[in-house]
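Please read the following report alongside the sequence and the coordinates. It takes up aromatic pairs, then a chain interface, then a helix.

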Amino acid sequence: MKRFGERRALDGVDVRLEDGECLAVLGPNGAGKSTLLRTLATLLRPDAGTLAIAGHPCPKEAGTVRGLLGYLGHDPLVYLDLTARQNLELYADLYGVPAASERIDAVLREVGLLARSYDAVREFSRGMAQRLGLARLMLHRPSLLLLDEPHAGLDAAGRRLLDAMLEEARGARGVVLVTHEVERAVAQATRVMVLRAGRTVLDEPTAGLDPAALRARYERLVA
Amino acid sequence: MTEARSTRVPAVVGTLSAALTVLAACGVFLVAPEDTDQGIIQKIFYFHVSIAIASLVAFALAGVAGALYLRTRDEKHDELSSAAVGVGLGLAVLVVLTGSIWARASWGTWWVWNDPRLVTFLIVLLLYGAYFMLRSSADGERRMRYSAIYAIAGFASVPLSFYSVRVAESFVHPVVFTQNGADMPGSMLVWYVVAQVAVLGIALTALLLQLSQRRAEKALMRIKLRLQAEP
Amino acid sequence: MKPRAARQLRALVLKDLRLELRTRQTLLAMALFALAVMLIFEFAVGSRTDDLTPFAGGVLWATLALTAVLAVGRTWVPEREQRVLDGLLVAPVPRLALLVSRIIAIACYMAVVELLAVPLALLLFVESPHLGDVGWVVLVCLLADLGIGVVGALLASMAVFTRARDLLLPVLFLPSLLPVVIAAAGATHAVTAGSNDLSEYRGYCTFLAVYAVIFGLVAYATYEFVFDD
């Protein structure tokens with residue numbers, strides 16, 4: 001349960017995720033999706049209730065667990081005044097990535113920014129900056145991906161990359177994906193959850209769910 | 001119920017303190033021997049020092065309550081901490097005022113810079129005045145958390161400020177201060193203790209009143225919100 | 001893959017260095033500001049008397065205290081403006097490392113400005129400065145910068161999350177900084193006054209060290225809670 005002032009942003013939301021599962025979180029604006037994600041990312045501390053990641057209770061052992069997490073929000077979380085490479089060097093050091101320069105080259109190549117690696121991020125387009133954010137995300141090979149509407153802000157190339165990443169993560173890593181797109185939720189997730197005004201109103205596995213039917217239910221739930 | 005009880009405690013403490021204060025005032029001005037050097041104005045010192053100590057006790061309490069808040073995240077500790085800072089600040093203002101009166105009577109000027117205690121309390125006014133500015137710049141949980149941190153830091157600043165002024169003064173005026181310390185004759189000491197207890201009692205009353213006022217405000221807010229929520 | 005704290009700290013300091021080199025905003029502003037403040041003192045106080053030597057230490061440290069507000073005010077600003085702070089917080093970086101990186105950054109800013117301000121103050125305000133004086137003043141600067149860094153890092157980290165942070169920071173920072181100003185000015189004065197009073201100098205320097213230690217402990221105990229939303 002997470003409270004901001006007198007307003008309860010999240011109330012009685014239970015999330016359980018196993019390795020390899022992908023949870024899609026849907027809901028209208030202000031439903032608490034971002035709050036939930038940030039709490040899972042250990043950026044926020046729940047006012048009541050417990051959080052445990054990979055068996056470690058948080059926030060007490062949050063330090064141990066952060067190395068396993070990859071968080072991507074609306075912002076790519078990179079410094080505009082540093083070059084792409086310098087940004088990744090910083091994160092590589094913060095996460096303790098071994099053989100950093102090879103790994104940096106590899107992710108830059110994957111996101112298609114190797115040629116621009118010595119340019120300041122300020123000169124990048126929004127799509128390119130967001131792609132750098134993807135590179136940052138994958139740099140340390142996290143076992144749990146926490147993504148907040150990652151497709152927004154990505155250019156076409158970036159979206160393809162992200163979908164490939166999610167495909168590869170299926171079965172291997174845990175993913176929590178906050179999104180507005182119902183169809184994507186059904187297509188890419190193993191479980192879907194709908195939040196409304198801080199509460200869970202739907203929580204089901206996606207296997208066998210019809211996207212159109214889900215959309216209809218979703219519209220009704222959040223009306 | 002709790003409402004009736006919570007007004008009774010401050011009332012009792014308040015009455016006791018008021019009585020003690022009257023007793024102390026009588027004792028100090030009528031019974032205690034007059035100081036040969038400074039005369040009657042020295043009597044203000046009984047209160048000046050007791051108020052200063054009460055103020056420091058309040059700030060210490062605020063620091064401890066702040067630490068407790070950080071440990072437990074219980075709102076009550078934040079209430080106590082901010083109320084204590086408020087009381088301490090009010091007392092500090094009195095310290096500065098009584099100190100100024102004493103300076104005027106002793107030396108003819110409205111302020112002296114060579115008294116480390118007095119100067120420290122001026123710094124204290126700034127330190128804890130900033131506390132309230134910090135509080136008004138943040139909301140909710142963050143306000144309580146940051147106030148707690150600052151209450152702790154502020155309480156570390158107080159002795160540091162005192163010693164820096166004292167060290168500076170000791171080099172400029174290398175004369176040992178003759179302040180009214182524990183080398184008071186017994187007849188004076190008794191009335192000093194009475195005055196100190198009285199002032200502490202008044203401070204406690206003020207604290208309790210502040211707390212119950214805050215709680216009443218919060219309860220009112222909660223009722224208001226509940227009424228608004230119901231369609 | 002447990003990251004070593006030294007590697008993380010080095011990365012953070014490098015990041016600050018690179019940002020400053022690229023934008024070059026803060027140092028230039030601080031240098032100009034320090035110069036302007038010294039001029040203010042000269043015109044406000046200096047026209048009353050010919051020999052400002054007794055005031056040299058005080059003027060220097062009043063200037064540096066005000067300039068420190070600029071340095072401290074840059075704490076976490078690029079992270080906030082460019083919304084990168086989450087990136088640092090979600091990484092397995094102990095909050096203590098973030099504190100230490102800020103202390104180092106503030107102390108470095110102060111040191112660079114002192115390179116300019118100290119000789120200038122000696123030349124402008126001291127009647128007959130000795131070259132050897134600079135060495136003594138350097139030690140004072142080192143100790144004072146440590147205290148300024150610790151207090152500044154703690155308070156600015158809080159101020160950056162509040163409303164009206166530009167107004168709040170000086171109000172929060174300067175009263176806590178007063179003991180440093182008093183002691184540093186006193187120590188500098190002990191050097192410039194030509195009396196060669198070593199015990200006075202040592203007394204003030206010890207105080208500066210004690211200040212840094214005490215506030216260091218406070219910051220160490222409370223820094224976790226600054227970011228702990």
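This is a predicted model: local features need pLDDT of at least 70, side-chain atom pairs count only at pLDDT 80 or more; totals for chains, interfaces and linings use all residues.

The ring centres of Tyr131(B) and Phe132(B) lie 5.2 Å apart and the planes stand at 90 degrees, so the pair counts as edge-to-face, for which the angle must be over 60 degrees. Phe162(B) and Tyr163(B) form a further edge-to-face pair, and in that pair Tyr163(B) is partly exposed at 42% relative accessibility. The geometry of the two pairs is set out below.

| Aromatic pair | Centre to centre | Angle between planes |
|---|---|---|
| Tyr131(B) and Phe132(B) | 5.2 Å | 90 degrees |
| Phe162(B) and Tyr163(B) | 5.3 Å | 75 degrees |

Over all chains, a search of the whole structure finds 10 aromatic pairs. In chain C, one aromatic cluster is formed by Trp76(C), Phe161(C), Tyr223(C) and Phe227(C).

The next topic is the interface of chain A and chain C. Here 33 residues of chain A are in contact with 27 residues of chain C, and the area buried between the two chains is about 3000 Å², with carbon and sulfur atoms giving 56% of it. On the side of chain A, the residues that lose the most area to chain C are Tyr79(A), Asp93(A) and Leu94(A), which together make up 24% of what that side buries.

Turning to polar interactions, the count between chain A and chain C is 13 residue pairs in polar contact, with both residues at pLDDT 80 or more, and the rule finds five salt bridges across this interface. In one salt bridge, the side chains of Glu89(A) and Arg18(C) meet at 3.3 Å, taken from N to O. Helix 3 of chain A, residues 84-95, supplies eight residues, the largest share of the side of chain A that touches chain C. Sorted by class, that side has 18 nonpolar, six polar and nine charged residues.

Elsewhere in chain A, helix 1 spans residues 33-40 and is mostly covered, with six of its eight residues buried. The buried residues of this helix are Lys33(A), Thr35(A), Leu36(A), Leu37(A), Thr39(A) and Leu40(A). Helix 1 of chain A is followed by Thr42(A), which has a positive phi near 65 degrees.

Methods
Residues are numbered from 1 along each chain as its sequence is written. Chains are lettered from A and ligands numbered from 1 in the order in which they are written. Side-chain values use heavy atoms; hydrogens and water are left out. Contact means heavy atoms within 4.5 Å. Buried area is the accessible area (1.4 Å probe) that two parts lose on being put together, summed over both. A salt bridge is a side-chain nitrogen of Lys or Arg within 4 Å of a carboxyl oxygen of Asp or Glu. A polar contact is a pair of N or O atoms within 3.5 Å; within protein, one must be able to donate a hydrogen and the other to accept it, and residues adjacent in sequence count only if both atoms are side-chain atoms. Helices (H or I, at least four residues) and strands (E, at least two) are DSSP runs, numbered from the N terminus. Ala, Val, Leu, Ile, Met, Phe, Trp, Tyr, Cys and Pro count as nonpolar, Asp, Glu, Lys and Arg as charged, and the others, Gly among them, as polar. Buried means under 20% relative accessible area, exposed over 50%, partly exposed in between (1.4 Å probe, protein chains only). Rings of Phe, Tyr and Trp (its six-membered ring) pair if their centres lie within 6.5 Å; planes under 30 degrees apart count as stacked, over 60 as edge-to-face and the rest as tilted.
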